[in-house]
Amino acid sequence: MKIILAILVLIFSLQSWIKADDIRDFEIEGMSIGDSLLDYVDLIKINSLDTTHTSGSKKYTRYAEVKKINDSDNYEGVDVWVLSNDNKYEIHSLTGYIEYTENISECYSKKKKIVSSIEQQLIVESYSYISNYDENTSKSDVTDFDFSNGTIRIFCTDYSKKKEERGYGDYLGVTVSNTKFINWLNNEAYN
C-alpha cells in the first residue's frame with residue numbers, strides 16, 4: 001500500500017509540470033530553473049552542503065542533498081547545479097532522486113509510470129535509450145523530454161556490484177535542466 005501511495009504522490013506532484021511549455025515552469029520540490037537557491041536555503045546552509053564538479057570542468061558546482069523544508073517532499077533528496085562563481089546561486093539544473101538499493105525492478109516500474117503519465121499529457125515527444133558506463137557494467141535507463149529551452153530527464157541508474165560494494169546505490173532520478181547547462185554537459189563537462 002505504501003508503494004502505491006508513493007507512486008500516486010509522485011505522479012500527482014508532476015501535475016504542475018504537465019501544463020507547462022517552458023522548462024522554467026517545471027518544479028521539483030517547489031524549485032525551478034532560474035530560481036535562486038537562496039530562496040530555499042540560506043547561505044550558511046549552502047556553504048555546508050557537499051559540492052562536486054565534473055572531472056573536466058569546474059564551470060558549474062553541484063550542491064548535493066538540498067531539500068526544501070516542508071512535509072510534502074516526494075524525493076529523498078534534491079541536487080542542484082549552479083554556475084560556480086554565481087553569488088545569486090541561479091539554478092541551472094536540479095534532480096530529485098529516490099534510492100532503490102537492491103530493488104532496481106521497482107525503480108523501472110516507477111519510471112515507466114512517471115514517463116507514461118507525462119507522455120499522456122504533454123505535447124512534447126519523448127525518446128528513450130540505455131546509457132552504459134564503467135566498462136558496460138553499470139547503466140542508466142533514460143527517457144528525455146526536450147523543450148526549446150531545456151530538458152526533462154527521467155532515469156533509473158543500475159550500478160554494478162563492484163560500485164555497490166563501494167557505497168553506490170541504484171536510484172530513480174527526475175532532472176530538469178536548461179539548454180545552457182545541457183550544452184555545457186554535452187560539449188565541455190568531460191573534455
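**Close-up views of a predicted model**

**View 1. Helix α4 on the sheet.** Helix α4 lies across β4 (91–99), β5, β6 (138–147), β7 and β8. The direction of α4 makes an angle of about 160 degrees with that of β7. The coordinates shown here and in the views below belong to a predicted model. In the chain as a whole there are six helices and eight strands, which follow one another in the pattern α-α-α-β-β-β-β-α-β-β-β-α-β-α.

View 2. C107 and C156 form a disulfide, with 2.2 Å between their sulfur atoms. The torsion about the S-S bond is about -105 degrees, so the disulfide is left-handed. C107 belongs to helix α4 (residues 104–121) and C156 to strand β7 (residues 150–158), so the pair ties together parts that are 49 residues apart in sequence. C107 is buried, at a relative accessible area of 0%, and C156 is likewise buried, at 0%. The count for the model comes to one disulfide.

View 3. Eight strands form an open sheet in the order β1-β2-β3-β4-β8-β7-β6-β5, and their pairing is antiparallel. In general, the strands of a sheet pair through backbone hydrogen bonds, in a parallel or an antiparallel arrangement.

**View 4. The pairing of β7 with β8.** Eight bridges join β7 to strand β8 (residues 171–178) in the antiparallel sense.

View 5. Helix α6 lies across β2, β3, β4, β7 and β8. Its direction is at about 110 degrees to that of β8. Strands β4, β7 and β8 are also among those that α4 lies across.

View 6. Y60, W81, F181 and W184 form one aromatic cluster. The model has 11 aromatic pairs by count. In the pair of W81 and F181, the ring centres are 5.5 Å apart and the planes stand at 50 degrees, so the pair is tilted. W81 is part of strand β3 (residues 77–83) and F181 is part of helix α6 (residues 179–187), so this pair ties together parts that are 100 residues apart in sequence. Both W81 and F181 are buried.

**View 7. A lysine over a tyrosine ring.** K163 lies over the face of Y168, at 4.2 Å from the ring centre.

**View 8. Two glutamates with positive phi.** E29 is not a glycine, yet its phi is positive, at about 50 degrees. E29 is located in the loop between α2 (15–18) and α3 (43–48). A relative accessible area of 10% places E29 among the buried residues. E65, also not a glycine, has a positive phi of about 55 degrees, and is located in strand β2 (residues 60–66).

View 9. Of the 191 residues in the chain, 45% are buried. Among contacts with a separation of 6 or more, 55% involve residues 24 or more positions apart.

Key. Residues are numbered from 1 along each chain as its sequence is written. This is a predicted model: local features need pLDDT of at least 70, side-chain atom pairs count only at pLDDT 80 or more; totals for chains, interfaces and linings use all residues. Side-chain values use heavy atoms; hydrogens and water are left out. Helices (H or I, at least four residues) and strands (E, at least two) are DSSP runs, numbered from the N terminus. Buried means under 20% relative accessible area, exposed over 50%, partly exposed in between (1.4 Å probe, protein chains only). A disulfide is a pair of cysteine sulfur atoms within 2.5 Å. Rings of Phe, Tyr and Trp (its six-membered ring) pair if their centres lie within 6.5 Å; planes under 30 degrees apart count as stacked, over 60 as edge-to-face and the rest as tilted. A charge sits over a ring if NZ of Lys or CZ of Arg is within 6 Å of the ring centre and within 35 degrees of the ring normal. Two strands pair if DSSP finds at least two bridges between them. Contact means heavy atoms within 4.5 Å. Axes are lines fitted to C-alpha atoms, for helices over the stretch in contact, and angles run from 0 to 180 degrees between N-to-C directions.
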